[in-house]
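Please open the model in your viewer and keep the selection tool at hand.

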Amino acid sequence: MGAVTDALLTAALSAGADVRTEAQVTAVEADEAGTQTTYTTHDGEHSVDSRLVLSGVAPAVLDDLLGRAPATPRPAGSQLKLNLLVRRLPRWRSGVNPRQAFAGTVHVAEDFSQLEAAYGAAAGGRLPDPMPGELYCHTLTDPSILAPDLAEQGYQTLTYFGVHTPAGLFANDGTASEQAVDRALARWTLTWRSRSATASPPTPTAGRAWR
Ligand SMILES: Cc1cc2nc3c(=O)[nH]c(=O)nc-3n(C[C@H](O)[C@H](O)[C@H](O)COP(=O)(O)OP(=O)(O)OC[C@H]3O[C@@H](n4cnc5c(N)ncnc54)[C@H](O)[C@@H]3O)c2cc1C
């Protein structure tokens, strides 16, 4: 993990760059004479003059830094992310090898009608039910994400992205995030846990989807 970042850092250093991390830019002033960027680090406020500033932040963030009115509407996040560390990959009732099943994206309640209904619920200010989402096992592709001793013991990570969960749903409701997590877990982990449950088993389809 981090190979691309390391390669970029090496290239920048060899080109003579001075790299500063853990630095929060608080203002950028720009006029025809040049630019001044103000930033804070653990040891206080600093500023640097330059001919140009290249920014990789969202347009609304850059507008804030430049002290100007936003040119575009401020984007709002719309995903719920859950990170899990698991001792082993969940078994599939179908018997499919979990290492194969989790090598790609596992879609949960993501057929068109479910996505459409979830969008409608979220747009109406409600948490979708069922909540569509996706699961990934990043450690199957890149075991270096885990500490070596955990990787040796067979641990894996699972990452879930719930979609159609706009940030506004959580802004004024302290219980909404717990409800969303419960709803996501109810959709998949409970079924995994109990292989003898009477509830209808998840049925992998051609697209590896569970409903
Ligand atoms: C939960 C999640 C999962 C994702 N998974 C995937 C995936 O699996 N595959 C994929 O291709 N894409 C994925 N994406 C999308 C991908 O992460 C983004 O498209 C990509 O990171 C955008 O890159 P960026 O450089 O434009 O912005 P960012 O990665 O957001 O970089 C902007 C940087 O600017 C910094 N910054 C902001 N304001 C300041 C400031 N004032 N001072 C200093 N620094 C500041 C931020 O800290 C941030 O590091 C995912 C996104 C999310 C949110």
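**Stop one: the ligand**

Select the ligand: Gln24, Val25, Gly56, Val57, Val61, Gln79 and Lys81 surround it, each having its C-beta atom, placed from the backbone, within 6 Å of the ligand. By class, this shell has three nonpolar, three polar and one charged residues; Ala, Val, Leu, Ile, Met, Phe, Trp, Tyr, Cys and Pro count as nonpolar, Asp, Glu, Lys and Arg as charged, and the others, Gly among them, as polar.

Two conventions apply. Residues are numbered from 1 along each chain as its sequence is written. The model is predicted: local features need pLDDT of at least 70 and side-chain atom pairs count only at pLDDT 80 or more, whereas totals for chains, interfaces and linings use all residues.

**Stop two: the core**

Next, select Met131, Leu135, Ala180 and Ala184, which touch the most other members of the largest nonpolar core, a set of 15 residues. Such a core joins buried Ala, Val, Leu, Ile, Met, Phe, Trp, Tyr and Cys residues through C-beta atoms within 7 Å; buried means 20 or more other C-beta atoms within 10 Å of the residue's own. At least two core residues come from each of β5 (106–108), β7 (156–162) and α8 (176–193).

Now colour by pLDDT, the predictor's confidence in each residue, from 0 to 100. The chain mean is 86, and 89% of residues reach 70 or more. Over residues 194–211, however, the pLDDT is below 50. Where pLDDT is low, the predicted coordinates should not be read in detail.

Terms used. Buried ≥ 20, exposed ≤ 12 C-beta atoms within 10 Å, placed from the backbone. Helix = DSSP H or I, 4+ residues; strand = E, 2+ residues; numbered from the N terminus. Contact = placed C-beta atoms within 7 Å.
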